[in-house]
Amino acid sequence: MAAQSDGCGGGGCGGKSGTSYGGFAQLYEGDVEEPLDSAAIHICQCCRTSACYWGCRSACLGSLLGGGQPSGGGGGVRETHCPPREQLWLDCLWIVLALLVFFWDVGTDLCLAADYYSRRDYLWFGLTLFFVLVPSVLVQILSFRWFVQDYTGGGLGVVEGLTKRGAAGLGCVYPGRDRLRLASVWLWQAAIHILQLGQVWRYIRTLYLGIQSRRQREHQRRWYWAMMFEYADVNMLRLLETFLESAPQLVLQLCIMIQENRAETLQCVSSLASLLSLAWVLASYHKLLRDSRDDQRSMSYRGALLHLFWRLFTISSRVLSLALFASLFHLYFGIFVVFHWCAMAFWVVHGGTDFCMSKWEEVLFNMVVGIVYIFCWFNVKEGSTRYRMVAYYSVVLAENTILTGLWYAYRDPALTDSYAVPALCGVYLSFAGGVLVMLLYYGFLHPATGHLHPSPASSCCAQLLWGLPLPPSAPPSAPPTPAHLAKSQTEEDVAESCLPVFQVRSVAPPASKMEGPLIKIDMPRKRYPAWDAHYVDRRLRRTINILQYITPAAVGIRYRDGPLLYELLQYESSL
């Protein structure tokens, strides 16, 4: 779902580069042209200067919607675009694979529970089924609550006539048909969530919205942002479910295999599915979080795969050491988990997170992150993560050493000699492999790697036309020289189409002006790695969704602490 591909950058991609869009956000494709000489951020691709970047938005939109060249594009000025680096089929494949991993994980756990029941192992049957059903029910409740918030209280239901107030307010001609539609939507959603298929439906809906955002020539931005909202929801739900279901299930099954001194095929398949589900959800979550923000470069699928293997190795090492210790010390294992969770939750709270819109939600989020930290690293604070990651992995390595050392010292040699040394080697080799893959990821495929993925000179024309987030932030290089600015601004064509950024607008704007007003959000923008407020605040999302249905043009979203805009739909509102 990348809003920008990380493969090309301005002045740093080997000759031919420009602005590129990938995935479902790939809504415009152009010929490859030579890039600009200047590497400054926010360069207008029509008149080759940063001074008119904001002023030329109207002229760019008008010319691009009309299919012609910008009026200020004289003097041999050309638009630059980069061919798509990530195609639609990759996005579809990523979601389909996510669905298959979900079914594999849950399906093998249910089959394993049935196998325990058939063998009269009622304790293992109860624990296995508990870690499947309880997290699933909690996630379904949360998912249905989000649906209710989105479709009631002035949400999409009002616009689409799916509530009584909506049907009356819109003056529907066929009230009976509207009531039937209302009942069918609510019954469908209730049935899906009762059957524990809320995430499956959201994945399918994301796939549909993403394909429509590429194929529909009308209202493409509506499809794109609807897809981004839906995909954000399903990733948050899956992240919660995997660490409440897959992670405990993985520890449980490994502990059972160690205690019984044998490993059934179904147990191994279930453990592998849980491990892959954990790694996949983490990679998918971080990729989408970067794709959703305009101040961060997007993560490529190559980077996502390397991120996936990093998580696979480190989680394997951690879970194996926990399972070895738990196979002998049941009570002390519970004490250790509670102690580690409390320490990690305190560390997260002390760091000061800003993910949620209320204090109690933030506290709940910090508690969930504490659970995540039992198994793996999860970045929740802005800034350099180098020292925090070193501290976390040092603590984890020390804990793994203590846990496996105690198990090795108190084990029964007659029962465990066959796998004791391979188990210890597996703990340390997988940990070392995970750290090595992590270093490769941050050194070569991390989106912030400057020498491989420099920030592109942004094309306000293409960004504006398709309603994509504005260019990612990056350390600005040498700005345009005064001679360059003077030359660009003295051209008559440029002066007619592009206003200087500090110039006051005229009372009578030109007829071709299509710039819409802004939705002004009177709050500071949340800092990465937090989600933007219009992703996590359901009230704000309802307002944005309503605007997508009642107006056909484009509007911007502006936070209090910065000029960066999200080009969505043309409507004037203040929140």
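The structure described here is a predicted model.

Across the whole structure, a search finds 31 aromatic pairs. In one of them, the rings of Tyr117 and Tyr122 are arranged edge-to-face, with 5.7 Å from centre to centre and 70° between the planes. Tyr122 has a relative accessible area of 42%, so this residue is likewise partly exposed.

## An edge-to-face pair between Tyr285 and Trp531

The ring centres of Tyr285 and Trp531 lie 5.8 Å apart with the planes at 75°, and the pair is therefore edge-to-face. Tyr285 belongs to helix α9 (residues 265–292), while Trp531 is in the loop between β1 (518–521) and α19 (533–536), so the pair ties together parts that are 246 residues apart in sequence. Both Tyr285 and Trp531 are buried.

The peptide bond leading from Tyr528 to Pro529 is cis, with omega near 15°. In general, most peptide bonds are trans.

## Further ring contacts

Ring pairs also join Trp347, Tyr373, Trp377, Tyr392, Tyr393 and Phe431 into a cluster. Two arginine side chains are placed over aromatic rings: the charged end of Arg311 sits over the ring of Trp310 at 4.3 Å from its centre, and that of Arg411 sits over the ring of Tyr408 at 4.2 Å from its centre.

## Overall fold and helix α15

The protein chain contains 20 helices and four strands. Of its 575 residues, 54% are buried. Among contacts between residues at least 6 apart in sequence, 75% join residues at least 24 apart.

Helix α15 (residues 420–445) comprises 26 residues. From its first C-alpha to its last it reaches 36 Å, close to the 38 Å expected at 1.5 Å a residue. The buried residues of α15 include Ala420, Leu424, Val427, Phe431, Gly433, Gly434, Met438 and Leu445. Phe431 is also a member of the aromatic cluster. The buried residues of α15 pack against α10 (301–326), α13 (386–410) and α14 (413–416).

## The largest pocket

The largest pocket holds about 1,100 Å³ of space. Its lining is made up of 35 residues, and those nearest its centre are Leu142, Trp146, Cys356, Glu361 and Leu364. Two or more lining residues come from each of α3 (122–151), α8 (220–260), α12 (359–372), α19 and α20 (538–550). Helix α12 gives the most to this lining, with nine residues.

## Residues with positive phi

Arg120 has phi near 65°, a positive value in a residue other than glycine. This arginine is found in the loop between α2 (88–118) and α3. With a relative accessible area of 63%, Arg120 is exposed.

Gln196 likewise has a positive phi, near 65°, and is a residue other than glycine. Gln196 lies in the loop between α6 (175–194) and α7 (198–215). At 23% relative accessibility, Gln196 counts as partly exposed. Most residues other than glycine have a negative phi.

Note on methods: Residues are numbered from 1 along each chain as its sequence is written. This is a predicted model: local features need pLDDT of at least 70, side-chain atom pairs count only at pLDDT 80 or more; totals for chains, interfaces and linings use all residues. Side-chain values use heavy atoms; hydrogens and water are left out. Rings of Phe, Tyr and Trp (its six-membered ring) pair if their centres lie within 6.5 Å; planes under 30 degrees apart count as stacked, over 60 as edge-to-face and the rest as tilted. Buried means under 20% relative accessible area, exposed over 50%, partly exposed in between (1.4 Å probe, protein chains only). A charge sits over a ring if NZ of Lys or CZ of Arg is within 6 Å of the ring centre and within 35 degrees of the ring normal. The expected span of a helix is 1.5 Å times one less than its number of residues. Contact means heavy atoms within 4.5 Å. On a 1 Å grid over the protein atoms alone, a cavity is a set of points where a 1.4 Å probe fits but cannot get out, and a pocket is an open set with protein on both sides within 12 Å along at least five of seven lines; lining residues have an atom within 4 Å of a point. Grid points are joined across faces, edges and corners, and a volume is the space filled by probe spheres set on the points.
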